[in-house]
Amino acid sequence: GPRSLELLRRQEQRESNARVYPRQLPIAIAAGQGPFVRDLDGNVFIDFLNGAGVLSLGHNHPELVDAMIEQLRDLTHGLDFPTPAKDAFTEAQLSMLSPGLRSRVKLHFCGPTGANAVEAAIKLCKTATGRGEVVSFEGGFHGCSTAAMALTGAVSQRNRVANGLPGVHFFPFSYCGRCPVGLTPHTCTTNCAGYLERSLHDPNAGICRPAAVVMEMVQGEGGVVPATREFARRVRELTRALGIPLVVDEVQTGCGRTGTWFAFEPYGIEPDVIVASKALSGVGSPIAIIMYDRHLDTWAPGAHTGTFRGNQLAFAAGAATVRIVRRDGILDNVGRRGEQVADRLSPLLTCPHVREIRGRGLMWGIELADPDTGTPAPEWASAVQTRCLHHGLIVELGGRADSVVRILPPLNVSAEVIDTACDILVAAVRTCFSSAE
Ligand code: PMP
């Protein structure tokens with residue numbers, strides 16, 4: 001509408017070019033409530049971009065708003081000093097871990113964003129091991145600061161900047177669709193973990209024993225690609241056997257997104273370092289942490305500082321989010337609504353251009369590719385996104401060349417909203433194909 005477009009025009013003039021959502025989704029947001037946003041022209045959308053998966057309980061959950069207002073009157077910024085809000089937040093986070101992990105981990109507040117926490121995790125592992133190299137995975141995404149970007153698999157996501165961090169080695173993730181040597185589940189005998197295993201053991205492979213292996217349990221920006229159970233377990237066994245800390249980046253998957261508090265839980269593995277950020281506060285108030293095994297606790301006082309680590313509003317909202325997640329059985333809802341999404345999207349599997357539909361909990365992606373060549377089809381993904389917007393649904397893109405249509409609904413989303421959104425999405429994909437055929 002005209003009022004949205006006027007604000008967009010002003011933003012285009014004043015801000016750098018390095019932004020993407022408002023170009024793909026040309027709206028200016030006036031307000032949000034639950035799973036909905038309203039634009040400046042009064043149009044209402046179901047928001048399944050959801051602040052990039054940040055708003056666990058949707059926009060402006062009344063109890064979270066109250067918790068923040070109450071906190072606002074007492075204290076907003078507390079540096080590293082202990083405060084009641086920080087204590088309650090820390091307690092709430094630790095309470096979501098298994099008793100074993102809880103007794104083993106320490107927590108470090110890293111600064112506001114996910115990338116800050118990834119960098120802290122790598123630095124800690126380097127300090128603790130005295131080693132310098134890092135193993136990361138193809139298709140992974142870890143952020144836009146120098147080291148986090150260097151660990152990010154897709155060159156396009158690295159913004160074509162020359163890699164600023166030597167000693168990063170990329171290995172294939174357990175995603176047969178991206179197999180570097182073209183194997184399929186039927187022809188693969190070793191799986192990607194076998195390749196990593198061989199490389200770390202082989203003195204001729206060119207890799208020194210790394211300071212860390214960094215992985216996502218479900219690659220988010222990489223196109224919603226879950227690690228297979230066997231892959232994840234073998235990576236864990238291998239890293240443990242070789243004394244390499246395993247860093248699991250739960251920035252996107254954490255805080256209930258996949259149906260358990262952390263995505264690693266159903267794999268039956270435990271990382272040495274957990275990285276969390278996005279949904280920690282539940283409201284988009286920035287905060288990032290690492291939780292790491294005490295044997296890595298090698299930092300001296302002042303070894304890793306930062307100004308913005310005492311965000312009391314985030315602490316207050318984050319503790320309240322955990323309370324509500326427990327009280328309202330939100331993780332069960334994620335499981336049930338996730339099954340509903342799988343069910344509602346499954347008719348699309350008969351469309352030749354739909355290569356795969358993948359997801360865990362409330363994190364789903366529809367990968368679009370040319371049925372003859374298998375080439376990623378970003379132009380169709382983009383057309384689906386635009387069509388969804390015109391019918392009242394905001395969705396995200398990701399994956400190979402942005403060819404995966406992604407959704408990240410709020411964790412307390414209702415069955416009705418999922419039904420409506422899936423209807424819009426299914427119709428958008430079908431329409432796009434009927435014009436392509
Ligand atoms: N790791 C993962 C898995 C992510 O999805 C993201 C953000 N999309 C980041 C790290 C970086 O977080 P931030 O944008 O807050 O720096």
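Helices H4 and H11 cross in a right-handed sense (the near helix is turned clockwise from the far one by less than a right angle). The model is predicted, and local features need pLDDT of at least 70, side-chain atom pairs count only at pLDDT 80 or more, while totals for chains, interfaces and linings use all residues. Residues are numbered from 1 along each chain as its sequence is written. Helices (H or I, at least four residues) and strands (E, at least two) are DSSP runs, numbered from the N terminus.

The axes of H4 (residues 62-74) and H11 (residues 312-327) come within 9 Å, crossing at roughly 145°; axes are lines fitted to C-alpha atoms, for helices over the stretch in contact, with angles from 0 to 180 degrees between N-to-C directions. On the H4 side, the contact (C-beta atoms, placed from the backbone, within 7 Å) includes Glu63, Leu64 and Met68, and on the H11 side it includes Leu313, Ala316 and Ile324.

Turning to the sheet, four strands form an open arrangement in the order E13-E14-E17-E16, with antiparallel pairing (at least two DSSP bridges between two strands). Strands E13 (354-360) and E16 (396-398) are the edges, each pairing on one side only. Neighbouring strands are turned by 25° against each other on average, direction ignored. Three bridges join E16 to the antiparallel E17 (residues 404-407), and Glu396 stands opposite Arg406 in E17.

Helices also pack here. H12 (residues 330-345) touches E13 and E14 (363-368), its direction making about 170° with that of E13. H13 (residues 378-390) lies across E14, E16 and E17, running at about 35° to E17.

Terms used: Two residues are in contact if their C-beta atoms, placed from the backbone, lie within 7 Å.
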